Amino acid sequence: MPVPHHPPRLAVALDAPQDPPRPDAAHYTALARLAERGTLDFVTLGDRFGGPGPDALAVLARIAPATARIGLVPTVTTTHTEPFHVSTAVATLDWVSRGRAGWTVEVSTTEAEAALVGLPQVLGFARTGRDPHPAAPSAEVWSEAGEVAEVAGLLWDSWEDDAEIRDRATGRFVDRDRLHHVDFTGRTFSVRGPSIVPRPPQGRPVTVVDATGDTGGPDGGPSPFGGSPEAGGAARLEVAAARADVALVRAEDPQTAGAARAALRERARAHGRDPGALLVLASLPVELESAADAAGLADLLGDWYAQGAADGFHLRPADPARDLSRIVEGTVPLLRERGLLRRSYEGTTLRAHLGLPRPASIYALAREVS
Amino acid sequence: MGTDPRPRKQIHLAAHFPGVNNTTVWADDRSGSQIDFASFEHLARTAERGLFDFFFLAEGLRLREHKGRIHDLDVLGRPESLTVLNALAAVTERLGLAGTVSATFNEPYELARRFASLDHLSGGRAAWNVVTTSDAFTGENFRRGGYLDRADRYTRAAEFLATARELWDSGADGGVPHRVEHRGPHFTVRGEFALPRSPQGHPVVIQAGDSAEGREFAASAADVIFTRHSGQEAGRAFYADVKRRLPAYGRRPADLKIMPGVTFVLGDTAAEAQEAAVEIRRRQVSPQTALLTLEQVWGVDLSSYDPDGPLPEIDPDPDGELARGRVRIADPQAVADKWRALSRAKGLSIRETVIEATGRQSFVGTPASVAHEMDAFVQSDAADGFILVPHLTPGGLDPFVERVVPLLQERGVFRTEYTGTTLRSHLGLPEPARPARKD
Ligand SMILES: Cc1cc2nc3c(=O)[nH]c(=O)nc-3n(C[C@H](O)[C@H](O)[C@H](O)COP(=O)(O)O)c2cc1C
């Protein structure tokens, strides 16, 4: 397999797998600055509806002004939240970070999470669609997550880039022909639009989908890349193929990762997408006890990349503070020597780091065509 | 004043990021972006330099429409409140950070967690302005759709806030969260809130909404009221009415601060300030805005009228629904009659009438006269302080901080340094007691 032109993308998780995230801004600021010193593409911070710990998007917004270049990608859940709020929060993260935002789409399938929300009949509201209570099966909430990602994209596009005109002669602040009702009707919700937030700096913040979930297969089931994928896993993969800019796959060897990448790109093509627009990162747990481990990691990443296993890597340190400093001090210099990592950031946005173009608003495109 | 036995009240000040209405004069060379983070940072840093209690963001969950099209004359487009406030926590140290978030289009668990996160990440500076978005128009952006009647909106808001407080109180101590079992007409919430209690105990709660239901809700549960009653007389009546409601809830007058939203115009002389105020009003009410304002009252298309000509003789359509996303005018005929009388008596054009009838500049004068007036307002119990709404983004607050704040400090009615680190301490509010555990 030919080696791609762009060096491997490199991201790191800030959450420790063992401990719940803590409401400690200084802790996450220090980690993100470290990752930025290593010129990584982005950091992720996990979350789930119902905690524990602080809201991941809040944490990354809190540290945005204390960093300058690193991409910021919180997990945002879509099952018990309002799609409109999800879209405006992610767009706002892009505004406050000046174009460095992404989000990892996640769902909630447990009864415990459903029990935190509302009740079946809600006074006075004209309810539409599925009730968020009780818990729904994984396949259902993943298909809904796909719709949330779709409507988020439409809302981000609903203000064309040049909608704000400030035309003193006519007294018009915006050109309302460049603002659009999205009029989205999905299976479980509808949104009229337009967004209340102007189009964010990246046009569309980067959408990340963990295509395999955190237990090998979704919901503790078998990995969808081995054996027969169960329903929820297949729906998760479809969302990654149809909606993600970046898909994460958890795989133990380069062959499995490479097969997953090929499968995702094939599915993306089936959705009418350019498969090159979907970056597949191998998501790897790392535990670096020594400097030798850090060097070994550089070898492993170089080796996997040479084999075409992935477009890059998402590292999940066992102990973020320790492992991240080993990565930045030990692994990063070796990757740079081998031409596998930038020495300094050339761009300022997450899309620029990833080599992804800034998309045009679909409404602006439609106007050009008509 | 010298014989007044009471100590002089300290003035509370907050800064409102100019919102999406015609207070903001965007057609001015000094007008910057309403959406770039730099604008929020500038205004927040100015407010902190001025030792303000808090910075305030409004919320609107749907772009307003007029005659079925998006309203295009005023500033529009704004960020999601909590995300901006979290980012502002990184560039300020003491300033309170207040976000308006609707209790109608959110759920208690999620919002309690988001506000507790802000309170932790800012070191105890969070405030929530609990509003009850009133229209089905806004509901079209949400899963639940629709809307609630006023009575239901406030019962939902009250139960929403009570549920959030149960969750905040249940926070994990020493790693062990307590289970919450809330059952009410609006919500059933069962589970654990796995965040430690936040630095202020509970974020500060602000209420904005003037109806009897709104006032009662504020008296029972809010720490601050954001009101539009900014005149001396109306202010005193509102103040007395709200404070009178407190004892029924076992609360003292000092437990609820009343802060009207006010504008200001400063000049080196009174005449200069007056002149500037007139000019600002003309810019706020362009010919297009004047006609649109009239159409909102009349409920009919008036685009054929000349903004510099006389008011229409036709009567308003009481069922006319040209404007969406605004609070509806209760009695359009009465407003129209009043405006026509004003126009006839003073010989005013449409635009001049709108300027005169909708004028709401609160403090116009020299820095000294504004400081004096504000102080008199607070000492006479028309308010406990003010939420300042500048007409320029983001530099509109700078002259106030540079010229008026020092005079308030000289009068001994405004702090000369922050003495606490939390918003509750700036406002002189006690930390809510942690309820005794049932388990
Ligand atoms: C000073 C003031 C500021 C307000 N700000 C907002 C706001 O930012 N967002 C919002 O949705 N509603 C806002 N409201 C609307 C109120 O929450 C409420 O919906 C409205 O006043 C109608 O309620 P009422 O019948 O109690 O007056 C504000 C109201 C007042 C008085």
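Where is Pro394(B) found? Pro394(B) sits in the loop between strand E15 (385–388) and helix H13 (398–410) of chain B; point 6 comes back to this residue. Helices (H or I, at least four residues) and strands (E, at least two) are DSSP runs, numbered from the N terminus.

Before the details: this is a predicted model, in which local features need pLDDT of at least 70 and side-chain atom pairs count only at pLDDT 80 or more, while totals for chains, interfaces and linings use all residues. Residues are numbered from 1 along each chain as its sequence is written, chains are lettered from A and ligands numbered from 1 in the order in which they are written, and side-chain values use heavy atoms, with hydrogens and water left out.

1. The A/B interface. Here 75 residues of chain A are in contact (heavy atoms within 4.5 Å) with 70 residues of chain B. The two chains bury about 6300 Å² between them, and 57% of that is on carbon and sulfur atoms. Buried area is the accessible area (1.4 Å probe) that two parts lose on being put together, summed over both.

2. The axes of H3 (residues 83–96) of chain A and H2 (residues 81–91) of chain B come within 8 Å and cross at roughly 30°. That makes H3(A) roughly parallel to H2(B); angles under 35 degrees count as roughly parallel, over 145 as roughly antiparallel, 65 to 115 as roughly perpendicular and the rest as oblique. Axes are lines fitted to C-alpha atoms, for helices over the stretch in contact, and angles run from 0 to 180 degrees between N-to-C directions. From H3(A), the residues Ala89(A), Thr92(A), Leu93(A) and Val96(A) meet Thr83(B), Val84(B) and Ala87(B) of H2(B). By class, that contact has 5 nonpolar, 2 polar and no charged residues. Ala, Val, Leu, Ile, Met, Phe, Trp, Tyr, Cys and Pro count as nonpolar, Asp, Glu, Lys and Arg as charged, and the others, Gly among them, as polar.

3. The axes of H2(B) and H3 (residues 108–121) of chain B come within 9 Å and cross at roughly 15°. So H2(B) is roughly parallel to H3(B). The contact has 7 nonpolar, 3 polar and 1 charged residues.

4. Another pair in chain B. H9 (residues 287–298) and H10 (residues 332–346) of chain B pack at an angle of about 135°, with their axes 8 Å apart. H9(B) and H10(B) are therefore oblique to each other. The residues of this contact divide into 7 nonpolar, 1 polar and 1 charged.

5. Salt bridges (a side-chain nitrogen of Lys or Arg within 4 Å of a carboxyl oxygen of Asp or Glu). Over all chains the structure holds 62, and the rule finds 6 across the A/B interface. Arg192(A) forms a salt bridge with Glu140(B), the closest N and O atoms being 3.6 Å apart. Inside chain A, Arg204(A) pairs with Asp157(A), with the closest N and O atoms 2.8 Å apart. This pair links distant parts of the chain, 47 residues apart: Arg204(A) is in the loop between strands E8 (190–191) and E9 (206–210), and Asp157(A) in helix H5 (residues 138–157).

6. Backbone spots to look at. Most residues other than glycine have a negative phi, and most peptide bonds are trans. A cis peptide bond joins Thr393(B) and Pro394(B), with omega about -5°. Another cis bond joins Gly193(A) and Pro194(A), with omega about -10°, and Pro194(A) lies in the loop between E8 and E9 of chain A. Asp183(A) has a positive phi of about 45° although it is not a glycine.
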